[in-house]
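Here is a short report for a first look. Please view the sequence and the model together.

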Amino acid sequence: MLVEKERTGAYVLEQRYPLPLRSAMPDVWELWQRAKTLEWDPQTDIPWEELHPERYSAEQLLAAQMYWSRRTWGEYGAISESPALLLRFALERRLPDLQFFFTMRTMEEGRHAEASWLMAERLGRYFPQPQNPPTVGAVGTHGVRRMAFDPETSLEGIFASLVCAAEEILIDVFKATVHKATNPAVRRLMELILRDEVRHIAFGWQCLDAWAPSFTPETVRNIEAAVTAMIENVEFRGYRNL
Amino acid sequence: MSETSEHAARLLRAYQAQEQRFVERRFPLQFAPEVPVLRELYSQAKAFHWNPETDIAWDRLDTSRHTKATLEAARRTWSRRAWSVYPGLTESTALLIRFCLESGSLGMDAKLFLSFRPAEEAKHLEVCHILAERMGGYESDPGEAGLARASNHPFGQAALDADVPVEAYVAALGALDDQLDLNLYLGHLRSARDEVVRTAIRLIASDRARHVAFAWAFLGSRVPTLDAGGRAAVIDTVREFLAHVVLAGYRNTWLLPEKSREPWLAAEEETARHGLGASSATQERGILRATIAQLRERFASWNLVLPVVDHPELGTI
């Protein structure tokens with residue numbers, strides 16, 4: 001079946017060699033190295049015993065359950081969609097630094113989704129879907145998987161729109177929120193997610209910085225269009241803010 | 001557009017066409033464990049994380065104890081191993097996307113597990129690269145068409161192919177190929193005498209053991225529910241994979257076409273002799289047969305019968 005399809009040429013074969021593995025982007029390589037030293041586990045690295053959901057009213061708990069459920073859906077997008085970018089790096093034979101780092105990003109996003117789900121659960125309940133059906137479209141996808149597999153969409157545009165603009169909004173919202181978290185378990189969780197997200201966004205800007213000298217006017221137009229589309233069609237439609 | 005970017009565009013369009021055959025249904029998005037053993041493997045992955053840079057005592061790797069010829073052999077062996085690890089980054093990523101596209105709101109245990117696997121593969125790749133570099137220099141190209149072909153298969157693309165049932169894919173690449181890879185690593189570990197190389201292999205093998213356990217546990221949760229067509233797809237895919245990929249030398253240099261074996265086979269023998277992380281062809285032959293026997297036994301518990309496969313040198317397997 002699978003091998004038969006390969007033998008009959010149903011799949012396009014990668015041109016894999018030469019396969020360089022030496023770092024060529026030291027700043028991005030440093031992010032990969034750093035990510036490996038900062039792994040954490042939502043089950044064991046959050047002081048769950050300090051959550052004390054019994055101290056909150058039913059109304060407060062419901063609000064928090066909904067907030068963390070919504071965060072779970074958003075983080076899940078980074079498991080279901082963004083990993084397609086790693087495939088794109090490999091298929092376009094981008095530098096190894098990008099590929100190494102992005103494997104950690106996928107792992108970290110999985111952790112964020114699990115952590116957000118756990119928080120909702122431990123606050124009493126995780127909601128597996130938006131209660132208002134029209135919001136499903138708004139919170140369901142940012143369309144990055146489709147963009148990543150589309151050769152007409154430039155990688156620089158995807159970086160600028162997703163890895164820089166959208167992540168920058170996410171991180172700014174988080175920064176504005178984390179210091180208001182008085183509950184120690186919630187605060188620790190937000191700090192840990194933020195620590196990972198800072199690396200994710202640094203990755204985006206470092207790549208754009210490195211590529212910027214070779215931008216053509218067309219690349220710049222692609223970036224502008226992609227960022228505008230992300231803001232208008234995803235952020236303004238309520239992906240993060242209903 | 002350059003030839004390289006034209007080829008990349010063709011590859012992307014192939015992936016795009018496959019992705020568009022699925023309709024992802026994301027909600028209701030279930031997170032609670034469905035297959036506890038898979039969730040447990042994910043928990044273990046989180047607990048047993050390691051860092052190639054800091055968890056291997058690289059400064060204790062004393063290359064001055066070895067001759068130039070031995071180091072040349074070892075750098076070749078670890079370079080070839082790096083090429084065989086590299087596809088894991090994209091294959092496991094593509095499989096993760098496949099699960100997300102196909103399973104809709106279910107299957108979170110497998111998705112969480114697979115969200116970790118690409119990073120684990122990347123760590124293995126980093127280890128192979130560092131070892132090759134320390135032995136004298138990583139070689140980025142097989143430089144021989146036969147070996148290049150045998151070590152470059154479009155399995156990432158196959159992971160996203162709706163015509164290939166996910167159970168068949170996991171059976172071929174997990175239960176057969178990952179299992180063989182694990183057994184080979186354990187064989188290399190038995191032959192390895194250098195303390196640094198032993199640590200490196202042990203760390204890789206501990207992850208690989210989890211990958212293999214995932215494949216068997218996943219199949220255990222799915223195979224009993226398959227209809228006759230699904231079961232036939234599993235068998236056909238594994239048989240094809242064994243006959244045309246494994247026995248064509250994907251993991252074992254001694255199985256490559258004769259003109260493609262050298263200098264890689266001699267390098268592995270020399271690396272094995274000096275305990276730097278390889279097994280002899282004779283040892284690998286035993287490991288391959290044992291792996292196939294092990295696979296047949298486990299398949300038999302689901303009443304899946306893997307037909308015999310003929311090989312010009314090995315005879316009937």
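## Terms and source

Helices (H or I, at least four residues) and strands (E, at least two) are DSSP runs, numbered from the N terminus. This is a predicted model: local features need pLDDT of at least 70, side-chain atom pairs count only at pLDDT 80 or more, and totals for chains, interfaces and linings use all residues. Residues are numbered from 1 along each chain as its sequence is written, and chains are lettered from A and ligands numbered from 1 in the order in which they are written.

## Chain B overall

Chain B holds 12 helices and 2 strands. From the N terminus, its elements run α-α-α-α-α-α-α-α-α-α-α-α-β-β. The radius of gyration of chain B is 20 Å, close to the 20 Å that the globule rule gives for 317 residues, so chain B is as compact as a globular protein of that length. This radius is taken over C-alpha atoms; the globule rule is 2.2 Å times the number of residues to the power 0.38.

The C-alpha trace of chain B spans about 60 × 50 × 45 Å along its principal axes. Of its 317 residues, 54% count as buried. A residue is buried if 20 or more other C-beta atoms lie within 10 Å of its own, exposed if 12 or fewer, and partly exposed in between; C-beta atoms are placed from the backbone.

## Helix 4 of chain B

Helix 4 of chain B is mostly covered, with 15 of its 17 residues buried. B:Gly104 follows this helix and has a positive phi, near 60 degrees.

## Where the chains meet

Chain B gives 66 residues to the contact and chain A gives 56 residues. Two residues are in contact if their C-beta atoms, placed from the backbone, lie within 7 Å. On the side of chain B that touches chain A, helix 1 of chain B gives the most, with 12 residues.

A cis peptide bond joins A:Tyr17 and A:Pro18, with omega about -5 degrees. A:Pro18 sits in the loop between helix 1 (2-7) and helix 2 (26-37) of chain A. Another cis peptide bond joins B:Glu262 and B:Pro263, where omega is about 10 degrees. B:Pro263 is in the loop between helix 10 and helix 11 (264-273) of chain B.

B:Asn303 is not a glycine, yet has a positive phi of about 60 degrees. B:Asn303 lies between helix 12 (281-300) and strand 1 (310-311) of chain B, in the loop. B:Asn303 is exposed, with 9 other C-beta atoms within 10 Å.
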